[in-house]
Amino acid sequence: MFSLILHGRKSVELQKWRNLRVTVSIVQNAFPFTTKSFSSTIAKDSSPKGSTFTVSYLVESLGLTKKLAETISKKVTFEDKVNPDSVLNLLRSNGFKDSQISRIIRAYPRLLVTDAEKSLRPKLQFLKSRGASSSEVIEIVSNVPTILDKKGEESVSLYYDFVKDIMQDGKSLCISCPEGKKGNRIRNISVLRELGVPQKLLFSLLISRYQPVCGKEKFEESLKKVVDMGFDPAKSKFVEALHVVYEMSEKTIEEKVNVYKRLGFSEAEIWAIFKKWPYFLKFSEKKIILMFETLKKCGLVEEEIISVLKSRPQCIRSSEQKILDSIEMFLGLGFSRDDFKMMVKRYPCCTAYSGETLRKKFEVLVKMMNWPLEAVVMIPTVLGYSLEKRIVPRSNVIKALMSKGLIGSENPPISSVLVCTDQEFLKRYVMKHDKLVPKLMAIFNRGRVS
């Protein structure tokens, strides 16, 4: 099955990880990596009142966006600021910056309802008693916040030792393990580090409930396949492919490949898309066919659908209703069905944006700047640009120049204004106006901030 992709790259030598062994035994129950222990109780805390307060608190205290705060409030809620304040104050007093605290809370929201004095402070003190400096504690907790969820000094100690070893690039892991899933986990993550998988990806495997690193023979088989496929261990796609190959039997993968072949994909195209986005093979036959039928409702024919999925396979995640709603949204803004079809072909991601996001960008691009609908249809990628960081500040600069008659009375092409880097934009429209540079830069930067 994998013969089509076993070319163009030599297999990575795996002998170094096959010989990797562990030598020191540890307590069997000291390494519970799963996050299930705290996630299973989260729902008990939710209430409408608590959720509203939680969102407000996260926005005001940590500077999170409302959308992110709402996401976190689905995982943990509280109705007053006493406990969360005590947690934040303790972290700050131990040298954590707000940016690091925000990162910790995003990964481990339940920390905000942990008892700061009885649970959190003793764990931070224990980590320091193991010889960790304040900066090391901050780095470890920031990277793997769930170390603070571990119960008992042995568990915290083992977690600390293992994470610290991962962070010591270029050194051999000295942590060892018993047989079974816990031992496999340590051994397999050690193997991945030896192959060059970066810390960030190792940490995600360490704390995820859904991972391919608990097996032994199956892990080795899956890893060899992924390496032979030519995935780069330094890239996230390597871990994504490992997930897919580990979790799906060869028979199941063959069945998914055959579904795509029946829909018109060649086998070479299927594996090329898999290399681009490994989760392409994770969807059910029903979902795959439904997406095909939905794209046909957008006016695309088979060849065009294949082209869309080859360029943007992530589109298959979209629901039928979301795409149909997207059609109605574009029609409501004045685009025709042919316009929508053309935009999907050129920029499949245009179906992924919310109605509110599209309306805001439409207001600036078409109503404020008077660019014609045809300009957006020709370059629909402009819909993917940040309203705050690109569209608004650049549009404000252009409006200021037009008001002074410095670039004529008509807008410059949308591509000239938006489809370029900041440096190119500033060189093209700001730096050539010597006396106005400070004012134009103020307009540009004010737009980005607001």
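**Helix pairs, salt bridges and a loop residue**

Reader: Starting with E250: what does it count as at 38% relative accessibility?

Author: At that value, E250 counts as partly exposed. Buried means under 20% relative accessible area, exposed means over 50%, and partly exposed is in between (1.4 Å probe, protein chains only).

Reader: What kind of model is this?

Author: This is a predicted model: local features need pLDDT of at least 70, side-chain atom pairs count only at pLDDT 80 or more, and totals for chains, interfaces and linings use all residues. Residues are numbered from 1 along each chain as its sequence is written, and side-chain values use heavy atoms, with hydrogens and water left out.

Reader: Back to E250. Which side chain meets it in a salt bridge?

Author: K225 does, at 2.9 Å, N to O. The pair links distant parts of the chain: E250 sits in helix α14 (residues 250-262) and K225 in helix α12, 25 residues apart. K225 is partly exposed, with a relative accessible area of 26%.

Reader: What counts as a salt bridge, and what is a helix here?

Author: A salt bridge is a side-chain nitrogen of Lys or Arg within 4 Å of a carboxyl oxygen of Asp or Glu. Helices (H or I, at least four residues) and strands (E, at least two) are DSSP runs, numbered from the N terminus.

Reader: How many salt bridges does a search of the whole structure find?

Author: It finds 16.

Reader: Which residue forms a salt bridge with K224?

Author: D228 does, with the closest N and O atoms 2.8 Å apart. Both residues lie in helix α12, 4 residues apart, which is about one turn of the helix. K224 is partly exposed, with a relative accessible area of 38%. D228 is buried, at 15%.

Reader: And R262? Which side chain does it meet in a salt bridge?

Author: R262 meets E285, at 3.1 Å, N to O. R262 lies in helix α14 and E285 in helix α16 (residues 285-297), so the pair ties together parts that are 23 residues apart in sequence. R262 counts as exposed at 57% relative accessibility, whereas E285 is partly exposed at 39%. Elsewhere, salt bridges that share partners join E304, K341 and K345 into one network.

Reader: New topic: helix packing. How are two packed helices described?

Author: By the angle between their axes and the distance between the axes.

Reader: At what angle do α12 and α13 cross?

Author: The axes of α12 (residues 217-228) and α13 (residues 236-247) cross at roughly 130 degrees and come within 9 Å. That makes α12 oblique to α13. Axes are lines fitted to C-alpha atoms, for helices over the stretch in contact, and angles run from 0 to 180 degrees between N-to-C directions. Angles under 35 degrees count as roughly parallel, over 145 as roughly antiparallel, 65 to 115 as roughly perpendicular, and the rest as oblique.

Reader: Which residues of α12 and α13 meet?

Author: K218, F219, S222, L223, K225, V226 and V227 in α12 meet F238, A241, L242, V245 and Y246 in α13. The residues of this contact divide into 9 nonpolar, 1 polar and 2 charged. Contact means heavy atoms within 4.5 Å. Ala, Val, Leu, Ile, Met, Phe, Trp, Tyr, Cys and Pro count as nonpolar, Asp, Glu, Lys and Arg as charged, and the others, Gly among them, as polar.

Reader: What about α22 and α24? How do their axes cross?

Author: At roughly 5 degrees, and the axes of α22 (residues 387-403) and α24 (residues 422-429) come within 12 Å. The two helices are therefore roughly parallel to each other. R394, V397, I398 and L401 of α22 make the contact with D422, F425 and Y429 of α24. Those residues divide into 5 nonpolar, no polar and 2 charged.

Reader: Where is K297, and what is it in contact with?

Author: K297 is in helix α16. Leaving aside its neighbours within four places in sequence, K297 is in contact with E320, L324, I327 and R337. K297 and I327 are 30 residues apart in sequence and 9.6 Å apart in space, C-alpha to C-alpha.

Reader: Last one: where does N370 lie?

Author: In the loop between α20 (355-368) and α21 (373-378). Phi of N370 is near 60 degrees, a positive value in a residue other than glycine. Most residues other than glycine have a negative phi. N370 counts as exposed, at 56% relative accessibility.
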